[in-house]
Amino acid sequence: MFSFPIQILPADIAAETAALNAKLAKGINNLTNLTDDDIDIGSTPKDVIFEQDGIKVYHYHALVEPSKIMKTPLLIVPPLINGYEVADLQPDRSLVRNLLNQGIDVFLNDWGYPRQVDKYRNMDDYLNGYLDDTVDFIRKQQGVDKIALFGICQGGAMSTTYATLNPDKISHLVLTVSPIDFDAYKANHKPHEGLMFTMGADADVEKMVAVHGNVPATVLNESFMMASPFILNYGKYADVIDILDDRAALQNFLRMEKWLFGGPDAVGQMFKEFIRDFLKGNKLVKGTLEVGGRKVDLKELTIPILNIFAEKDHIVPPPCTVALGKHVGSKDYTEFAIATGHIGIYTGGLAQKVLAPTVGNWMRERGA
Amino acid sequence: MENKNPNEQLGGIVNAWAETQKRMWGDWSALLQNLPGGKESPIEAAKKGVEAATQGTNEAARVLMDRITSSQGAMNRVMDFFFKSMKIVAPNLEANKDWRPDLKGFAEQWAKESTAMLERSFGMGSHLGSLSGTLSKDLPEAMGPWLSFLMQAASSGHVGEAMLGGTAGINRLLSMEGDASALAGIGEIPLFGASREKNAKLLRLVDAVVDLRKNSLSFHTAFAEALAKAVEATVEELGKVAAKGEKITAVRQLMGLWYRTADKSLLVTFNTQEFLDKQNAFTKAQQQFKLAQRSVVEDIFRGLDMPTRSELDETYQVIHELKKEVRALRQELHSTAPAKSGGVPRKAGPARAKSE
């Protein structure tokens, strides 16, 4: 006979409830005393050096003496659909700080929060307009011919496209968890990998944009949470009760929540084009992508490339990232794996020790 | 409780779970008794109390508490589903019988209940009969009898299509099905003259509601089936726990097992084309509903001399095109201007151009 393993005694439930309530009471006290300043994200000191249509370019203050700063500026290109703060979540979990400590001169493009008036911005506007203006501004301000690009997720696909079209302006390309080949995960498909791509490929994006204008961040978050609905919607909040009485742990949790649910909406036209050309059409690797009337041929991407991926990435499965190596013309192509997930590559403990030093060494070895 | 049969064990657990919820929220409510909302249901009281307690503090903290309290309600429903499922499963499991058919039946019933709940919360509970009443009231009285007939005739199909002619509903109304009636073609005649277009928009909205309800039921049924599969997977996991001689002695331990197993199982379902098709049909029906709703609302706005979303969109598009033109002109200006020494010429406008 099946020996039923659930042996929960009413007395145990009572004790569990009492312990939980004690934590809740203390947690409410903690929450009441936390201010917005305690849940700061993106706090590494910086200057806004260029601003256009709500898009800001930051130049971070150096953390090493001037003689140790590399001469090639590095521009971080975040995704359009997440806040840039993932690269600078908190002082002890900050890609930006770690890069600065490597002696890299760090710039970042903050795409901001689009409004309905921005809904007609397209791929051409973002790459040949805003990103190109940013790159030119940094080149002029810093007095250099070329700069390095550092792409984050979707920002990596955009950086790859831009670098291919502008070999005269970009010297090095660093990619992190960047989707390049949107079909590559299908060959050996595991259910937990690439669900957002699978759902996106079937979605009627035209209608979605017709309804929303800009696709709300909440819609994108919901599809993100479909990858683990119970844990991300319920389990996480049941578990947080355990740390409600730990002020520091609670602050860390809240910073991640603030970033996760505080992201921008996706600009309607750009979103349509990205889904159509990159996700559904897979045009970047097929060699059929055109931006602003110019064809994007990855064989013309010949600069040094460092392609970093997360081994446990279920949002952008590693095969979708590393496929780049097969398509580019660069003879200096390096891959680097970190045993973490899609977000953990920026905020996880292991990544704090590994990611920036890898980028720093790679750039130094290439005369940056 | 040890060594009792699964039915008795589960009966005790379900009661204890209900008691836990009562105590947990009851205690919390008591904790917040001096704050607004203390006299309402425990969860609502906690929500309002926390809102007040965290007022003036940070947004993230407020959002978190809202998520904890909101997810608690949803979590309770999910745990409720799980415990009830286990009660269905347990007798057959004990008798070494196939427990899956009963579980499937329970899941289908649960889907119907949850869809009805969603419809109520979305305000979509009004059926065609009550809609008929609304339309009859708002439109000229003379139209009332027509609408009543139409509602009956098109009760199995789309009311909007029926009114616009050429569909099964209107044909049934005029008894033309299968006959070469002298009345054939009458369904194509514009029914309401000058106001036909406006009525058409209203009725397309009705069609969209019908479609949304249909697709909502289909999607939530698929979701409930997916949950039933997740319960199956959890029963198997419990079997593994039992085989190892281990026990689950805490609610949160059980929740953890259920969540982990359910997530894995759901992901398999979410990747199937059948589920994706139903999800997409539901999403499209929601979008179609919003578009039809907008179409009607825009007519009202026009009547009030207020700008509509479509008009604003046209303005946004013009602004976008003008910006592109300005940028192109600036580029042209820079390329024809005499070159300055050093640096790279700027393509963009002022260094700190303000956003509009």
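1. Two strands count as paired if DSSP finds at least two bridges between them; helices (H or I, at least four residues) and strands (E, at least two) are DSSP runs, numbered from the N terminus. Strand E3 (residues 74-77) and strand E4 (residues 106-110) of chain A run parallel and are joined by three bridges. A:Leu75 has A:Phe107 as its bridge partner in E4(A).

2. This is a predicted model, in which local features need pLDDT of at least 70 and side-chain atom pairs count only at pLDDT 80 or more, while totals for chains, interfaces and linings use all residues. Residues are numbered from 1 along each chain as its sequence is written, and chains are lettered from A and ligands numbered from 1 in the order in which they are written.

3. In chain A, eight strands make up an open sheet of mixed pairing, ordered E1-E2-E4-E3-E5-E6-E9-E10. Strand E1 (46-52) and strand E10 (333-338) of chain A are at the edges with a single partner strand each, so one side of each has no neighbour in the sheet.

4. The largest nonpolar core has 92 residues. Such a core is a set of buried Ala, Val, Leu, Ile, Met, Phe, Trp, Tyr and Cys residues joined through C-beta atoms within 7 Å; buried means that 20 or more other C-beta atoms lie within 10 Å of the residue's own, with C-beta atoms placed from the backbone. A:Leu74, A:Leu75 and A:Phe107 are among the residues with the most contacts inside this core. Its largest share, seven residues, comes from helix H3 (residues 123-142) of chain A.

5. Apart from that core lies another, of 60 residues, including A:Ile28 and B:Leu205.

Note on methods: A residue is buried if 20 or more other C-beta atoms lie within 10 Å of its own, exposed if 12 or fewer, and partly exposed in between; C-beta atoms are placed from the backbone.
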